[in-house]
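This briefing concerns helix geometry, local backbone features and selected contacts. The sequence and structure are shown first.

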2 protein chains.
Amino acid sequence: MENNINKISSDELSLESVRESLISQEDTIVFTLIERAKFPFNSPTYDDDPSSSCVLSGSLVQFIVKETEILHAKVGRYTSPEEHPFFPDDLPPPLTPPHNYPQVLYPAAASVNINDTIWKMYFDKLLPLFAADGDDGNYGSTAECDLKCLQALSRRIHYGKFVAEVKFRDAPEDYGPAIRAQDRDALMKLLTFESVEEMVKSRVEKKAMTFGQEVTLNDKEEKVKYKVDPAIVSRLYGEWVMPLTKFVQVEYLLRRLS
Amino acid sequence: MENNINKISSDELSLESVRESLISQEDTIVFTLIERAKFPFNSPTYDDDPSSSCVLSGSLVQFIVKETEILHAKVGRYTSPEEHPFFPDDLPPPLTPPHNYPQVLYPAAASVNINDTIWKMYFDKLLPLFAADGDDGNYGSTAECDLKCLQALSRRIHYGKFVAEVKFRDAPEDYGPAIRAQDRDALMKLLTFESVEEMVKSRVEKKAMTFGQEVTLNDKEEKVKYKVDPAIVSRLYGEWVMPLTKFVQVEYLLRRLS
């Protein structure tokens with residue numbers, strides 16, 4: 001059972017609970033990439049100027065993400081400190097009773113949202129690496145899979161806020177001077193543990209191998225072809241997920257004493 | 001790469017392409033169950049008579065499924081012969097250009113929709129088996145996970161239409177007499193291969209073990225605790241998925257010569 005941050009009161013926030021959530025979110029990210037890889041690139045999903053027979057404004061994927069966020073806002077998704085919309089303007093208020101999330105994050109720092117960067121990274125860098133060339137016409141399903149990938153990546157990267165908070169509480173004497181000096185480089189140095197990052201990259205690569213294999217009852221090794229290249233998942237973490245998480249951590253910490 | 005039925009013309013429909021899709025859909029079903037299992041049962045998600053501070057009519061999960069189907073209808077999801085809504089009444093027409101799905105299914109038989117049965121099976125039988133007791137307040141996320149499970153199960157079970165079509169084309173001389181006699185029992189007998197069903201149950205159990213394990217870099221076996229009990233996934237297929245798929249097949253075949 002995932003150790004869910006929403007049940008963690010401010011006092012209970014620990015590096016262990018944050019770590020467990022990050023590890024569990026790795027599985028979700030690998031699952032969503034595998035599901036997206038079932039479809040080819042399907043470029044009309046991303047066409048900003050669709051044909052005249054289409055009455056959407058903007059691309060299909062923008063429509064699906066925007067409209068899904070409007071629906072999810074109605075059930076309170078974005079009142080959770082773990083969730084961040086890609087299209088935050090004009091979201092409706094929740095129709096459901098408010099959920100009392102424990103006040104874990106420092107209020108002045110809670111507003112960081114780098115989904116614009118995540119959107120560009122996903123569509124410009126990541127997707128072309130793992131989606132096969134081609135067009136099978138399933139644009140709606142493709143957009144739905146993209147949405148799931150984006151949501152999983154956004155959640156993981158913005159979880160940096162919880163990482164930063166727990167690190168700050170563990171060692172305010174280390175972080176305080178760099179925060180007061182608004183020294184990004186010093187904060188980045190304090191937050192960087194290369195051996196841990198290498199371990200995470202190896203673990204997500206192993207997860208891509210494990211979850212992306214063809215499971216058969218036949219025990220002898222057949223030609224192993226993974227549904228998503230494990231090296232790409234490792235690269236996703238090394239080049240984008242972990243650097244962007246650290247960027248979120250730095251942005252959070254810079255506001256932590258405001 | 002999944003052999004996608006939408007790209008299969010009527011002539012290319014084969015038992016092999018149908019089998020590949022069914023196998024790929026097993027992965028999706030196991031992934032969605034694992035994601036749902038991250039949350040406890042969260043009974044307020046299913047409360048038909050929510051508190052007065054909630055303005056939804058019906059339960060939260062009904063709201064999420066209904067509203068998501070309305071959104072997905074706008075991008076043409078239910079024009080696909082593989083997709084079936086849980087709330088088919090009053091769905092809006094697509095805003096996107098029509099996709100020319102190959103006419104694979106026999107038109108008079110294509111209308112079968114047993115989502116009411118799948119809904120009851122999921123909430124009354126399956127969910128209580130694998131969701132842990134408890135309430136962590138994440139009702140929106142829980143409903144979203146339920147939606148994904150329902151969609152994956154519905155797609156898999158209604159895929160019986162393609163299974164039935166391919167079997168009928170392979171041996172019209174075997175199926176014709178039973179169809180003309182409208183003999184359900186004879187059709188069920190023709191469609192049942194117990195050794196294949198046992199194999200499928202074993203395979204999905206193995207998938208639940210593979211995809212639901214805790215992947216660590218540590219190679220020595222730790223206490224293995226799966227995220228969803230593999231025996232429950234096997235039971236899901238044996239008691240519900242395969243019997244309901246065969247029910248869909250029989251319903252389809254009964255109309256196949258109309």
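The points below are grouped by topic.

This is a predicted model, in which local features need pLDDT of at least 70 and side-chain atom pairs count only at pLDDT 80 or more, while totals for chains, interfaces and linings use all residues. Residues are numbered from 1 along each chain as its sequence is written, chains are lettered from A and ligands numbered from 1 in the order in which they are written, and side-chain values use heavy atoms, with hydrogens and water left out.

**Helix α9 of chain B**

- Helix α9 of chain B covers residues 230-254, 25 residues in total; helices are DSSP runs of H or I with at least four residues, numbered from the N terminus.
- From its first C-alpha to its last, α9(B) reaches 35 Å, close to the 36 Å expected at 1.5 Å a residue, where the expected span is 1.5 Å times one less than the number of residues.
- At Tyr237(B), α9(B) bends by about 40°; the bend at a residue is the angle between axes fitted to the seven residues ending there and the seven starting there.
- Of the 25 residues of α9(B), 19 are buried, and the helix is mostly covered. Buried means under 20% relative accessible area, exposed over 50%, and partly exposed in between, with a 1.4 Å probe and protein chains only.
- The N-terminal end of α9(B) is capped by Asp229(B), which has a side-chain oxygen 2.9 Å from the backbone nitrogen of Ala231(B).

**Helix packing within and between chains**

- Two packed helices are described by the angle between their axes and the distance between the axes. Axes are lines fitted to C-alpha atoms, for helices over the stretch in contact, and angles run from 0 to 180 degrees between N-to-C directions.
- In chain B, the axes of helix α5 (residues 160-170) and α9(B) come within 8 Å and cross at roughly 55°. The pair α5(B) and α9(B) is therefore oblique, given that angles under 35 degrees count as roughly parallel, over 145 as roughly antiparallel, 65 to 115 as roughly perpendicular and the rest as oblique.
- The crossing in which α5(B) passes α9(B) is right-handed; a crossing is left-handed if the near helix is turned anticlockwise from the far one by less than a right angle, and right-handed if clockwise.
- In chain A, helix α5 (residues 160-170) packs against helix α9 (residues 230-254) at an angle of about 55°, with the axes 8 Å apart. Accordingly, α5(A) is oblique to α9(A).
- The crossing of α5(A) past α9(A) is right-handed.
- Between the chains, the axes of α2(A) and helix α2 (residues 60-74) of chain B come within 11 Å and cross at roughly 160°. These two helices, α2(A) and α2(B), are therefore roughly antiparallel, and α2(A) passes α2(B) in a right-handed crossing.

**A buried glutamate and its polar contacts**

- Glu83(A) lies in the loop between α2 (60-74) and α3 (115-130) of chain A, and counts as buried because its relative accessibility is 11%.
- The side chain of Glu83(A) makes a polar contact of 3.2 Å with that of Arg77(A). A polar contact is a pair of N or O atoms within 3.5 Å; within protein, one must be able to donate a hydrogen and the other to accept it, and residues adjacent in sequence count only if both atoms are side-chain atoms.
- A polar contact of 2.6 Å also joins the side chains of Glu83(A) and Arg155(A).

**Positive phi in loops of chain A**

- Most residues other than glycine have a negative phi.
- Asn42(A) has a positive phi, near 55°; it lies in the loop between α1 (15-36) and α2 of chain A and is buried at 0% relative accessibility.
- Gln182(A), which is not a glycine, has a positive phi of about 50°. Gln182(A) is found in the loop between α6 (172-180) and α7 (184-191) of chain A and is partly exposed at 45% relative accessibility.

**Pairs separated in sequence**

- Thr28(A), in helix α1 of chain A, is buried at a relative accessible area of 16%. Thr28(A) and Ala152(A) are 124 residues apart in sequence and 6.7 Å apart in space, C-alpha to C-alpha.
- Ile70(A), in helix α2 of chain A, is partly exposed at 27% relative accessibility. Ile70(A) and Pro92(A) are 22 residues apart in sequence, with 6.4 Å between their C-alpha atoms.
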